[in-house]
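Here are a few notes to read alongside the model. Take them one at a time, with the structure open beside you.

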Amino acid sequence: MISTAQSEQPGINRRSFLGAAAAALSASAIMAPDAFAQSREQIRKGTANHSADNPGPVNKALQAENNSSNTPPDTDHGDVSPFWYSFELSHRRIQDGGWTRQVTQKDLPDSKDLAGVNMRLTAGSYRELHWHTANEWAFMLYGSARITVLNTDGTIFIDDVHAGDLWFFPRGLPHSIQGLGPDGCEFLLVFDQGTFSEYQTFLLSDWVAHTPPSILEKNFMLPASAIRKLPDDEEYIFPGTVPGPLEDDKRAVGGAAVESKISYSFRMQSMKPTFEDAGGSVRIVDSTNFPAAKTITAALVTIKPGALREMHWHPNASEWQYWIRGSGRMTVFVSSEKARTMSFNANDVGYVPAVAGHYVENTGTEDVVFLEMFKSDVFSDVSLNQWIRRLPNLMVREHLHLDSSEIGRIPDAKDPILPR
Ligand code: MN
Ligand code: MN
């Protein structure tokens, strides 16, 4: 084995005339890289010596949840910006009727396309009537809500949404969200502006509080006694009354004559998966199956324990993730020898720059469920496996040093979730 290695390395061959003692020396020189690699692995894991010890202060809860940063794989390298944050670290604004918190570009400075909000409304409580500068995409995490949105032609959309459903509200159109029985709702909102703040929306109460009463009298054609009843401060989230049946509300506002021709809600969780196999499933909702969502696209991904969301990238947009369930890790490769691995758990947010290579591995014992979201009208990704399998065999052999039978084992069709 040693002589074979020597014959392949001219530098060692030149030394072979030095005799047996030198051959033994060169043998140790050949073994050295492997031995070094092993010891580096042992050093990293703390089994070789004390190099990985951490005798100073430790936030044990954070360290346990972020093992991929604390003990990264040897293949991680270079300075990669953080692409993990958690709603658990965000300030929670709690009011009578519910609460809200947000993760924006302030928390993930590289994430300029999308920002997210997590909100809870108790039964009957409102997210006040409002509108804003960004488009709004939402996923129901728990319970039920009644939503309304007004079109510029005067038609209105009213619907009840439940856990697993989503909605899309175009920017500028006024809308409402109200928790229904028995226990209200909790949901994720995603806006197509990285700097969007949920605390800077246009509120109905805010506007009337900042309009001269004489103007309000003329506009509403109401007497001063009525105008004095209007709120004089913003309400934002506040308790209300659980409404009656949806059909009663629709009829009461004018029925079919004023009903929106556009649907702004979609049953995402109950749709047939776009891809499904033993490793998990992917449900893609974009403008091709939900025409209202012209600027935000999403994939609801389930990964079984040990399975892998395959190595891929997105040619058209950065990715904003919301982790609903489970635990896993993601390595993001940003070119120039730079790659970083971070751990993810429920209620965490992940970010992947546009075209950056990545995978998501379920490292836990329960299913990983997460949302991939993009500021785009269509979902688009490139599969590393599919790319390799579409190339001439010789080209792949000469790049990756694999033989033909090995190349033939790489999945041929795009398979977003690979079983363990
Ligand atoms: Mn809104
Ligand atoms: Mn992705």
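This is a predicted model: local features need pLDDT of at least 70, side-chain atom pairs count only at pLDDT 80 or more; totals for chains, interfaces and linings use all residues.

1. Residues are numbered from 1 along each chain as its sequence is written, chains are lettered from A and ligands numbered from 1 in the order in which they are written, and side-chain values use heavy atoms, with hydrogens and water left out.

2. Now look at the rings. Rings of Phe, Tyr and Trp (its six-membered ring) pair if their centres lie within 6.5 Å; planes under 30 degrees apart count as stacked, over 60 as edge-to-face and the rest as tilted. By this rule there are 16 aromatic pairs. Phe83 and Phe344 are stacked, because their ring centres are 6.4 Å apart and their planes lie at 25 degrees. Phe83 sits in the loop between helix H5 (67-70) and strand S1 (84-86) and Phe344 in strand S20, so this pair ties together parts that are 261 residues apart in sequence. Helices (H or I, at least four residues) and strands (E, at least two) are DSSP runs, numbered from the N terminus.

3. What links Phe83, Trp323, Phe344 and Phe370 into a cluster? Ring pairs do. Trp323 is buried, with a relative accessible area of 0%, and Phe83 counts as buried at 2% relative accessibility.

4. Is Asn345 buried or exposed? At 16% relative accessibility, Asn345 counts as buried. Leaving aside neighbours within four places in sequence, Asn345 is in contact (heavy atoms within 4.5 Å) with Glu65, Trp323, Gly326 and Ser327.

5. Finally, visit the manganese ion (ligand 2). Which residues are its protein donors? They are His312 (NE2), His314 (NE2), Glu319 (OE) and His358 (NE2), 2.1 to 2.2 Å from the ion. Donors are N, O and S atoms within 2.8 Å of the metal (3.2 Å for Na, K and Ca); water is not among the atoms, so sites may look incomplete. His312 lies in strand S17 (residues 308-313) and His358 in strand S22 (residues 357-362), so the pair ties together parts 46 residues apart in sequence. Both His312 and His358 are buried.

Notes:
Buried means under 20% relative accessible area, exposed over 50%, partly exposed in between (1.4 Å probe, protein chains only).
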